[in-house]
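Visitor: I am new to this structure. Please show me how to read a few of its features.

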Amino acid sequence: MTAMRLNRFSILSEGYTKMRKLPLLSVLVGAFVLAGCSDDLLIPDFNNPSLEELTTSPTRVLVNTAAQGLLVGTRRQMGTRNGYVSLLGILGRESYNFDGSDPRFITEMLGGALDPGSPAFGANLWTLRYRNIRNANILLNSLAEVQGFSNAELEAIRGFAKTIQALDLLMVINTRDTNGAVIDTDRPLDADPAPIVGKDQVFTAIVGLLDEAQGHLQAGGGSFPFALSSGFAGFDTPATFMMFNRALKARVDVYMGNFSGALVSLGASFLDTGADLNLGVYHTFGTGTGDTRNNLFDPSQTPDILAHPSAAAAAELKGNGDVDDRIAAKIRDIPPQTQLSVTSGKAFSIYESTGATIPFIRNEELILLRAEANVGLGNVTDAADDINFIRTTSGGLAARTDLTSANILDELLNQKWLSLLFEGGHRWIDMRRYGKLSELPLAVPSHRVNEKFPIPEAEQLARQGG
Amino acid sequence: MRRRLFSLCLLLLAGMALPADAQQREIRGRVVSSPEQFELPGALVSVVGTQIGAVSGQNGVFLLSAPSGEVRIRVTMLGYKTGEVVVSPQQDNVTISLETDVLNIEGVVVTGRATQIARRNLAVAIATVTVDEMTRAPSETLEKAIQGKVPGALIETNSGAPGGGMQVRLRGTSTINAGSQPLYVVDGVIASNVAIPSNQNAISLASGGSNPSLTQDAQVNRISDLNPNDIEKIEILKGAAASAIYGSAAANGVIIITTKQGRPGKTRFELTQRAGFFSISNKLGSRSFESVEEAVSAFGEGARAVFTPGVAFDQEELLAGRNDLSTETIFSLSGGTDRTRFFVSGLWKNDEGIIANTGFEKQSVRVNLQQRIGDRATLTFNTNLMHTLAERGLTNNDNAGVSYYMVFPFTPNFVNLSQRADGTFPTNPFERSNPLQTAALLKNQEDVWRMIGSTDLNIDVLKSRTQSLQFRLTAGLDFFSQENEIFSPPELQFEPNDGLVGTSLLSRSDNLNININANLVHSYTPTSGSYTAITSGGMQYEDSDLNVSRITSQNLIAGQPNVNAGTVIGVNEFRQRVRNVGFYIQEELLMLDERLMLSGGIRTDRSSTVGNSSDFFYYPKASVSYRFPDVGSGIDELKLRAAWGQAGNQPLFGQKFTALTGTNNIEGIPTIIVQGTAGDPGLKPERQEEIEAGIDVSLFDGKASLEVTGFQKNITELLLQRTLAPSSGFTTQIFNGGELRVRGLEVAVGATPINTGRLSWVSRATLYFDRSEILSLPVPSFRTGGFGTSLGSFQIEEGASATQIVTNLGLNPDGSQIVGRVGNANPDFKVSWGNDVQFGNFTLYGLWDWQQGGTIINLTKLLFDFGQNYVDHEKVVDAFDVGDGTMISGTMGEQRLGRWFNGDSRGYMDDATYLKLRELSVSYKFPPSVITSLLGNAVDGLTATLSGRNLLTFTGYDGLDPEVSNFGNQAIARNVDVAPFPPSRSFWFSLNVSF
């Protein structure tokens, strides 16, 4: 382009008269001006996929990739040493973290008030959950724009996304409890922060999401258009995924005290006393480039992640004098470690590699949820059947014949403790629901059991116009 | 917008009257230098009060068509004072001699994209550095060549590593988060000055693996590729008042580089051969141990077997004590006819570093060709091919125990680390690596091939007595390809530490800048000659595309460096592309006998980096100057000037986007998820408004000059980060807001106290200081840079200086930490003083550079204190009272560290004051008779020079060098000293022959 112009100029300079030069020159100048104004300066972000593309001109591939992203988003902070399993485990006295470089795993998590300003501790387990909820909202909004999906496929994606949203919101309220949480999550960034609403409203919102998801999944056709990880084996079609959705609903029902509803939900879930207790849906981890490792795997003889000695101490013996199968499988002995007057000689053998899976929810919890619902409804016999099923099948223990309405709740909580040990903060959440946090053992008399995480400081500041 | 500009151009064209000159006469003349009477081709000759002009050609001869009657002819040329003669109506032949402009107070200076003006009328303080000032002592890079020569420019090396890595900051801090480097324009082409990290971080783990920006890699900013010897002059537009015409890329100032062109006449060949060496100029030293008990107490039981009384090694000398021969060959060939001119140059430079396997090589070939086409057009081709190879060793911060000066603090002087007779190195029992082994075996190379080329077409569309119209089109490109290769072989002591033996890192970066500029310049002087109006306008298109890809390969058990030889391989790619389009229009008015100069202009541009790339942003400017000639009482001339302008600083590439992350997967299933930082679709450039005012005085018949300039810059719409409610899914968002103010003063003084035929003395001095203040900050005060308050950090807060350093100042009675201001990265003031003394054929030249104040975060000292290995651990002093009665006893080093452990880090915040002898040279110009007898008639010049750079440093700073930046070029966070490359001085002998 330049060469042509130069050429024209040298001709110009040699022969043309001045009168003819001026108009030509102004045409040239005009051409430049036009070029300058019309040339498109839009340059995309070469290094990252753009959010704008996903929201305004999504493609089938992009939408599927975003749907798959929800799995990565919801997996964040699950396998980390200051993540959901680890921190809730510490609060519920399932585990310790003796990280030498950060004493707050003891001073703050066990001994003091949770600090809303410490992003790795008290203010933790909030931001990334809401980030994944935003991921799901972006995905859901993109469905209105995208071409190339059948209606059934769109419904399948909606059902999946809302189920994951409900799960993330459940994890938020599990940590914040009566402090409440934010449920109006699809606001523009320049809007005022959404209000923080009470725990009941949050649970209502979770149920709403799960039920909407169920409706979408029912219209979701025979398969998902996107890929699911191997952790969803057996639950990877809209119909089977719906059993996972109902399983989560059952957990929420129980947490809300809606025990009859829980039994209905469980009926539509994958609860099956004839199946493996580990049947369920899992977070998967890997060592490949870009994948995430499960850092709860800590095989050292002087590990950071330790087991609280109370579970092993409380475990019953089997008929042959051996310890409960669950403890034998999940806890290993190590040379006793002490940090800041806290001592343990136990570590976990639950996560046996950096690729070890962490359950979302599994059959054993569903059976225990049915037992809990029946306890709540006063159906002691039905509840005792399930409790004894778990005692014998999972623990190798003898069935208890002395269960009555007076002692069945404690037995249920004990079985939940041992069956779901260090899998997602069940001990802390369950004990809190029944007002029994004070029964948790304190390693040092001055320690306390924190009941809930505070609302993070950044969240509070945003509401003060800061 | 389009329509407005278009019609403006039409108006401009329509308004031109065609020439209708009556009587004319020819004046033939000659331009020569005084007193030597050398012919001066290439001088601009003009008839005062008209638009008639010419350029002197071969033998300095020019031909002018002048009006009849008496005329005044003016001749200007770079490096010479302006000459004027009156030519009577009868006279048709004239000789004009020009005096050398030693104080550089005359000549023409750039005022826009395509316009220039005589320096005496200039209304802004634009500094000009000419080739003579730059090449008196050899310099590796352009920035080194102008260090200490420009008031208002703070030019500092980031470490002593060979091959560049220097920061140029013009008039203080102009931004917090946006780019901090000036815009470099070489012959009309924007030259890339990007600094691409080498990826040594993959070995040093300096960023802990969490900071992908890798700014601790001792990276080199690419302007170092240029050959300083090719440059005719550098013009420095320091702030918005001068640089507004460069719009949204100009807030950090603009450095305009003009390369040499041939001159008509005899072909000149010039050859300079240099030989010299580098030598370490400062060492930290280390603690000496009297007894095995002392050694054991500092270094543990392991020291017992190693310690031998009386045996001590100077580890620094063993590492950095090399003085290998360095060479530099420079040649140039220039000349031409009145129609064709050429300048051809070459450079071959090989600097050997003071550490094994370090050094800097540079080769450069330049061909500049100028061809006149017809009598109205000139076509210029400038091409420059460059190659640089920098080997910079392994320095700066690390977390793996591999950087030389990170290892020395923990390595006592009694351990022998030297290579054994069988070629192997002993294992360092006190740290994870043996620096002598690392230096000998680790390869860290940065290999750059670069091409800068421009084509410039200049057409005199109209030329008459009263007006001229010039069209100028420049198209150019700057392309470079940079390859960084780091190979850390398996036999290195530290290599097994991560379980993956041997590391090979390969990074490849390509950058292409394309520029097209079109300009029209119309000049008009009425027949009365009462004023001259210069109207210029034009359009610019700029495109810049950078692509960086990296491969990290580990576990190279066989020792083969190919990246596919490893078993653990990581790849990464980063791209950025920026496109800008701009327009400007500018009017300059010279009137009242050329005493009053009025100028105004406006630039508008749009850029792909701003939120809405079709939005235009406007940058106006205006200036005025007035000369008072012949004031009397020794004052030849006095000029008052004032200028105002605005310029922008574009957002960084990607800041406007709300990006998704596409690099995570789950079991290989690809995913995208949102990132925590939200972009702003309405992002704008930062806006700088600058006012400057000054006074220029020429004294005692041109024997002395004084320039004083005060300025104030207000930068608004700063690119800041705000914290969002995390429940939105995002944590931070980039936005425009806040205000930063910088005020400062620049003084330049020049004098020729002695100027007899045989002896002359020229002296120049500069003084500069600036102060910044954050006037408003719409986000809570925040820290940036550094490693946290206990190790010194930079705090951005309303009402405080932008570059203030805060650190731990002790504990409150309740045990909580007190954090407060302890210093400033910005110096109190800078002074430079250069002197040329010529006596007969001898010339002595020296340049002093003095920085007063400024604070350095000296973490190298902290490391030595940690290791109990600093010389201060020998100094016994009184116990120190922390304040609450707690006494800290022990040696000076122990007390400093003890206070640090007690929450008081002030012992590591050191004063950066220094005085350096930057340049020194003595040269002897052989007399013609000697040359003839030695080399015959062909040679007409022979000069021998002894020179040196950074020969002397006086400083109270107890680190290696008070010029230091672990994080490379930084808007705020400079002056962090973590295990830098040690500084060196260089000595050179040169011979220059010309014929």
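Visitor: Is G893(B) buried or exposed?

Guide: First, the ground rules. This is a predicted model, in which local features need pLDDT of at least 70, side-chain atom pairs count only at pLDDT 80 or more, and totals for chains, interfaces and linings use all residues. Residues are numbered from 1 along each chain as its sequence is written, while chains are lettered from A and ligands numbered from 1 in the order in which they are written. A residue is buried if 20 or more other C-beta atoms, placed from the backbone, lie within 10 Å of its own, exposed if 12 or fewer, and partly exposed in between. G893(B) has 24 other C-beta atoms within 10 Å, so G893(B) is buried.

Visitor: Which residues is G893(B) in contact with, leaving aside its neighbours within four places in sequence?

Guide: Contact means that two C-beta atoms, placed from the backbone, lie within 7 Å. For G893(B) the partners beyond those neighbours are D865(B), Q868(B), Y870(B), D872(B) and H873(B).

Visitor: Which strands form the open sheet in chain B?

Guide: Strands are DSSP runs of E, at least two residues, numbered from the N terminus, and two of them pair if DSSP finds at least two bridges between them. In chain B the order is 3-2-5-6, with antiparallel pairing. Strand 3 (53–55) and strand 6 (83–87) of chain B each have a single partner strand, so one side of each lacks a neighbour in the sheet.

Visitor: How many bridges join strand 5 and strand 6 of chain B?

Guide: Strand 5 (residues 71–76) of chain B pairs with strand 6 over five bridges. Within strand 6 of chain B, V86(B) stands opposite R72(B).

Definitions and conventions:
Helices (H or I, at least four residues) and strands (E, at least two) are DSSP runs, numbered from the N terminus.
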